[in-house]
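Here is a short briefing on how two chains meet. Keep the sequence and the model open while you read.

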Protein chains: 2
Amino acid sequence: MENTFGGQGFFKDASGTLWLSDPEERFGFRSTWKVNQVLCQVNSAFQEVAVVETEGFGKALVLDGIVQTTEKDGFIYNEMISHIPLATHPHPQDICIIGGGDCGVAREAVKYPSVRNVDMVEIDPVVVEVSRKYLPEVAGEGELDPRVQLHYEDGTLFIRNQSHVYDAVIVDSSDPVGPGAVLFEKDFYEDVYHSLKEDGLMVCQSESPVFHPDVLTRVHQSLKELFPVVRTYLATVPTYPGGIWSFTVASKSYDPLQEGRERLQLKDNRYVNREIFDACFQLPVYVRELLK
Amino acid sequence: MENTFGGQGFFKDASGTLWLSDPEERFGFRSTWKVNQVLCQVNSAFQEVAVVETEGFGKALVLDGIVQTTEKDGFIYNEMISHIPLATHPHPQDICIIGGGDCGVAREAVKYPSVRNVDMVEIDPVVVEVSRKYLPEVAGEGELDPRVQLHYEDGTLFIRNQSHVYDAVIVDSSDPVGPGAVLFEKDFYEDVYHSLKEDGLMVCQSESPVFHPDVLTRVHQSLKELFPVVRTYLATVPTYPGGIWSFTVASKSYDPLQEGRERLQLKDNRYVNREIFDACFQLPVYVRELLK
């Protein structure tokens with residue numbers, strides 16, 4: 001066996017089968033994926049970027065050995081982080097996506113007909129390039145919608161320079177370790193607050209309530225100190241550790257518990273429907289206790 | 001490295017750390033768990049039964065190398081398969097649990113004050129013994145409730161001999177491979193139907209909508225041919241592959257979409273509350289399509 005559980009996670013077993021394993025143990029366990037083919041593997045200025053064909057989940061985007069999104073279940077995360085806030089706002093026109101290099105969030109955002117501009121701020125152009133080339137099932141086929149403007153910049157610096165510009169800011173971040181950690185800090189949320197119009201709203205992925213309950217609690221608390229309306233919702237993303245994943249929407253005005261359901265865009269959705277819009281905010285006991 | 005990915009799943013890495021890995025690849029991937037201690041490991045007449053202390057999920061019951069339930073998240077499955085049907089029935093008195101050797105379902109069932117008898121039919125006494133001894137966090141502390149009668153028998157044979165006896169039958173089965181496969185067949189459901197009183201209901205775990213969509217579809221269809229009311233609901237169990245898990249309730253009379261919410265027993269619950277009772281029946285698009 002070569003390079004078992006080492007390096008960027010790829011190894012072959014004795015029979016020559018290729019596997020991808022979490023390069024570091026996370027939460028006391030590792031996921032190991034059977035890989036039928038490596039479609040692309042490059043070092044960007046920021047990370048090792050790969051697209052592989054897995055046996056269980058089809059094509060997958062892999063950053064530094066960690067699976068980020070897959071052909072089979074990428075739609076769940078992308079629909080949930082986009083449709084819930086964009087239906088909650090009655091007339092979203094100007095949107096900012098922080099991160100989102102796989103282009104899946106931008107693809108969902110432009111389903112809302114009122115949207116006229118989407119600033120997508122992704123630090124690593126290689127992630128965008130390989131996602132568009134190898135993962136059209138997530139990124140969408142063909143050219144990006146003309147309303148989407150790509151900005152290859154640090155999202156925290158970009159948002160700091162915007163004032164009362166956006167109807168919605170979608171924070172599509174990676175985990176709160178390394179460079180992504182600042183996207184979970186109150187300083188960043190203050191900058192997002194100021195980037196929003198007076199009735200704007202933001203959403204972020206707020207991690208696993210099972211593995212990162214402290215992150216969810218802290219994000220929720222930080223946002224409560226800034227926004228009058230803060231709502232946490234859940235979805236299950238099979239390729240994420242433990243499956244269950246939280247998102248938190250923070251709003252200056254509109255409340256998804258009061259409105260939004262009827263404005264959902266449903267065309268081609270594979271996860272979100274009107275029933276899910278209501279049900280996703282209903283939290284089990286152990287998650288509610290984290291938000292008390 | 002000893003015995004990597006072989007035998008019953010346990011192996012040590014080069015540093016001497018003990019791991020447990022799925023003995024067979026399932027769905028193109030394997031889960032690998034860091035194990036701090038093996039508390040018990042015995043061969044029963046049916047399988048290898050172990051209780052280990054994992055780093056991420058506390059103590060875990062492991063059958064033939066596959067994690068069945070854990071200290072940290074066992075409550076989710078056990079509450080969801082018990083409370084939803086038992087609240088739906090207005091006055092459940094006589095209950096049968098098929099399987100359920102970890103005793104977690106029986107523990108939830110006796111929370112319903114109308115319950116007077118619980119027949120728990122588990123083929124392997126060793127599973128019950130080690131669960132009660134090593135996993136009281138799942139099985140409950142101390143003696144079993146006196147209303148619970150243990151039957152160490154084949155569940156399919158047991159239920160075939162019952163006629164109009166039960167208010168609720170809870171099928172707490174393992175996966176539909178090997179001996180557990182018959183618990184997913186229509187013949188078995190017909191026997192369950194006949195074991196129920198005229199207003200009785202049953203529930204079963206109907207597998208992952210992501211990994212076993214065919215099983216969910218078939219179970220739902222088979223039950224629809226027998227029962228007037230069939231409802232599928234979801235929960236996320238972090239230790240199960242992909243997290244998302246389905247359950248299907250099939251009822252001769254009562255419908256959980258119409259009633260039951262107010263009858264939920266909530267004391268000491270860590271997952272089920274009244275909001276979850278409603279929300280768990282709201283299915284995402286890709287699950288709805290499986291049930292068309």
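A:Thr32 stands opposite B:Arg30 in β3(B). β3(A) and strand β3 (residues 29–43) of chain B pair in the antiparallel sense over 5 bridges. Strands are DSSP runs (E, at least two residues) and helices are DSSP runs (H or I, at least four residues), numbered from the N terminus; two strands pair if DSSP finds at least two bridges between them.

This is a predicted model, in which local features need pLDDT of at least 70, side-chain atom pairs count only at pLDDT 80 or more, and totals for chains, interfaces and linings use all residues. Residues are numbered from 1 along each chain as its sequence is written, chains are lettered from A and ligands numbered from 1 in the order in which they are written, and side-chain values use heavy atoms, with hydrogens and water left out.

**Interface**

- In contact (heavy atoms within 4.5 Å) are 41 residues of chain A and 41 residues of chain B.
- About 3,300 Å² is buried between chain A and chain B, and carbon and sulfur atoms give 65% of that area. Buried area is the accessible area (1.4 Å probe) that two parts lose on being put together, summed over both.
- The interface holds 2 salt bridges (a side-chain nitrogen of Lys or Arg within 4 Å of a carboxyl oxygen of Asp or Glu).
- B:Arg288 forms a salt bridge with A:Glu275, with the closest N and O atoms 3.8 Å apart.
- On the side of chain A that touches chain B, β3 (29–43), α1 (74–88), α8 (274–279) and α9 (285–290) each supply at least two residues.
- β3(A) gives the largest share of that side, 6 residues.

**Within chain A**

- Strand β5 (residues 58–63) and strand β6 (residues 66–70) of chain A pair in the antiparallel sense over 4 bridges.
- A:Ala60 stands opposite A:Thr70 in β6(A).
- β5(A) and β6(A) form a hairpin with 2 residues between them, and A:Asp64 in the turn has a positive phi of about 50°.
- A:Asp191 forms a salt bridge with A:Arg160, the closest N and O atoms being 3.4 Å apart.
- A:Asp191 lies in helix α6 (residues 186–195) and A:Arg160 in helix α5 (residues 155–160), so the pair ties together parts 31 residues apart in sequence.
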